[in-house]
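The report that follows is meant for a reader who meets this structure for the first time. Please keep the sequence and the structure in view while reading.

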Amino acid sequence: MFLKQALPYKNPFWMYLLGSFVIIIFSVLGQLPLTLVIMQEGGVSPSGDPMEMMRNIDKNLQLFLLLIPFLIGFLGLWLVIKKLHERTLLSITTSRTQIDWSRFLYAFLIWSGATVLVVGTDYLISPESYEWNFNLQRFVLLFLIAVFLIPIQTSLEEYIFRGYLMQGFGGLFKNAWAPLLITSVIFGSLHLFNPEVEKLGYGILVYYIGTGLFLGIMTLMDDGIELALGFHAANNLITALLVTSSWTAFQTESVLIDISEPSLGGELLLSLLVFYPLFLVLMSKKYNWSNWKIKLISKL
């Protein structure tokens, strides 16, 4: 069982709190390049909002600078696991003897295909909701930045929430359901300051917390984070390349710009009630999941 991976090490929970603090420090240090660039641009906008000033930076440079903290944060995570906990990254990745990259690739390809299909269908139905933005030179640079750094960003989030903290809370509460719920709420709450929340309201936190639950369930049922890694990488990478809008956290030189008036209800319901359950069913059939009750709510 994936959560039991941490039990033999007998690391007290304070170590996970300390480790989380160290990772945060590394991530903050990774924000220094972005801060320096914003300062060169004048520091803040007339409204006093540094985020508004950041939007004046070239989109590819902006994306690069926004993703650097995740690269530095991953170094912090590695040091915490290796030096503080005296463990390996494998131990918070999977209960298998090695990382199953075929699982990562399968989840990545399935969700990539689904994303392209959904966006493509919506574009055909409502072309007036999109603005064509393709520029070969800018897109190639975006592609290089995104392919290298976005999987690092998504992997860090999965390693922290579905790997490191889920196992830490598992050792604290000695069950599966508490780590699943707590990490999902923390994961969702950390999106509180995203521009999407300002645009769509606090209801979007239901989507973020629900996504955390979905990824956590997938991790517990599959005894590893490989599927979650693949899904999350596909979700962020394909979206960054294919379509963004003026009010999302990532604004990229994507093929399309969504210029429609954003709404919360449709996307939230489709994702949480249709797409995520279908994805779980597909994975359960593919990998022969069983004993759902034991893996999701049992004691360790």
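## Buried aromatic pairs

Y16 and Y164 are both buried, where buried means under 20% relative accessible area, exposed over 50% and partly exposed in between (1.4 Å probe, protein chains only). This is a predicted model, in which local features need pLDDT of at least 70 and side-chain atom pairs count only at pLDDT 80 or more, while totals for chains, interfaces and linings use all residues. Residues are numbered from 1 along each chain as its sequence is written, and side-chain values use heavy atoms, with hydrogens and water left out.

The structure holds 22 aromatic pairs; rings of Phe, Tyr and Trp (its six-membered ring) pair if their centres lie within 6.5 Å, and planes under 30 degrees apart count as stacked, over 60 as edge-to-face and the rest as tilted. The ring centres of Y16 and Y164 are 4.9 Å apart with the planes at 45°, so this pair is tilted. Y16 belongs to helix α1 (residues 13-29) and Y164 to helix α6 (residues 136-173), so that the pair links parts of the chain 148 residues apart; helices (H or I, at least four residues) and strands (E, at least two) are DSSP runs, numbered from the N terminus.

F214 and F279 are likewise both buried, and their rings, with centres 5.9 Å apart and planes at 70°, form an edge-to-face pair. Because F214 lies in helix α9 (residues 204-222) and F279 in helix α11 (residues 265-287), the pair ties together parts 65 residues apart in sequence. Ring pairs also join F214 and F279 into a cluster with W111, F231, F275 and Y276.

## Charges over rings

R162 lies over the face of F187, at 4.4 Å from the ring centre, and the charged end of K286 sits over the ring of Y106, 4.8 Å from its centre. A charge sits over a ring if NZ of Lys or CZ of Arg is within 6 Å of the ring centre and within 35 degrees of the ring normal.

## A three-strand sheet

Three strands form an open sheet of mixed pairing, in the order β1-β3-β2, where two strands pair if DSSP finds at least two bridges between them. β1 (130-132) and β2 (243-245) stand at the edges with a single partner strand each, so one side of each is left without a neighbour in the sheet.

Three bridges join β1 to the antiparallel strand β3 (residues 256-258), and E131 stands opposite I257 in β3.
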